[in-house]
Amino acid sequence: KTARLTNSDFFPKMKTVIAALALATSASAFTSNLGIARAPTKLFFQYGVYDDKLWDNEAKKDVYNQWDPNAPRSGLNFNPFETYGGNSPDASGIYPGELRYKDPQRGDVNFQSMMAERTEAEERAANPKPGNVPGCPGCKN
């Protein structure tokens, strides 16, 4: 005959196995991390000038005029017209899906203003700022 486990035999053994596994995995919480390098944590983040303010085309042009493509990208130094993955940044240069992204307060838009913005965008594309090349420190792309 083969030995067959019944419910009365199986559950106490299973409880013992689960308790042993829980004890073994929780023991690592009390071990020392000596010799393991810890990644630095950046606690300070500076939000953009227009954070929690109206983020319309005039605000974007102001941020663009202050943007230095040769300086590292930050909440105060970014190209507000640069897209990443098809998305535009918020007022601090953060893109949707990234940590600290805030949905910006957008201004009213109509067809006439969109055509004016399109003309400005074409002028910006034809005359980029010096240093505005893919991979520059002030760019996301």
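**Entry 1: second largest pocket**

I looked up the second largest pocket and noted about 260 Å³ of space in it. It is lined by 13 residues, and those closest to its centre are Tyr 64, Asn 79, Phe 81, Glu 82 and Asn 132. I sorted the lining by class and got eight nonpolar residues, three polar and two charged. Helix α3 gives the largest share of this lining, with three residues. I keep in mind that the model is predicted.

**Entry 2: largest pocket**

Next I took the largest pocket, whose volume is about 490 Å³. Its lining counts 23 residues, and I wrote down the ones closest to the centre: Trp 55, Asp 56, Asn 57, Lys 60 and Glu 117. Which helices each supply at least two residues of this lining? I found α2 and α3, the latter spanning 111-126. The largest share comes from α3, which contributes six residues. By class I have nine nonpolar, nine charged and five polar residues here.

**Entry 3: cavity**

Rolling a probe the size of a water molecule over the atoms shows where empty space is left. With a threshold of 30 Å³ or more, the search of the whole structure returned one cavity. I recorded about 50 Å³ of space for the largest cavity. Which residues line the largest cavity? My list reads Gly 48, Val 49, Tyr 50, Val 63, Gln 66, Gly 75, Leu 76, Phe 78 and Ala 91. Six of these lining residues are nonpolar and three are polar, and I found no charged residue among them.

**Entry 4: salt bridges**

How many salt bridges does the structure hold? I have seven on record. One that I checked joins the side chains of Asp 51 and Lys 102, with an N to O distance of 2.9 Å. Asp 51 sits in the loop between α1 and α2, and Lys 102 in the loop between α2 and α3, so this pair ties together parts that are 51 residues apart in sequence.

I placed Ile 18 in helix α1, which covers residues 7-26.

**Entry 5: confidence**

The chain has an average pLDDT of 86, and 81% of the residues score at least 70. Where in the chain is confidence lowest, and where is it highest? The lowest value belongs to α1, with a mean of 76, and the highest to helix α2 (residues 57-66), at 96.

Key:
Residues numbered from 1 in each chain as written. Predicted model: local features only at pLDDT ≥ 70, side-chain atom pairs only at ≥ 80, totals over all residues. Heavy atoms only, no water. Helix = DSSP H or I, 4+ residues; strand = E, 2+ residues; numbered from the N terminus. pLDDT = per-residue confidence, 0-100. 1 Å grid on protein atoms, 1.4 Å probe; cavity = no way out; pocket = protein on both sides within 12 Å on 5 of 7 lines; lining within 4 Å. Points joined across faces, edges and corners; volume = space filled by probe spheres on them. Nonpolar A, V, L, I, M, F, W, Y, C, P; charged D, E, K, R; others polar. Salt bridge = Lys/Arg side-chain N within 4 Å of Asp/Glu carboxyl O.
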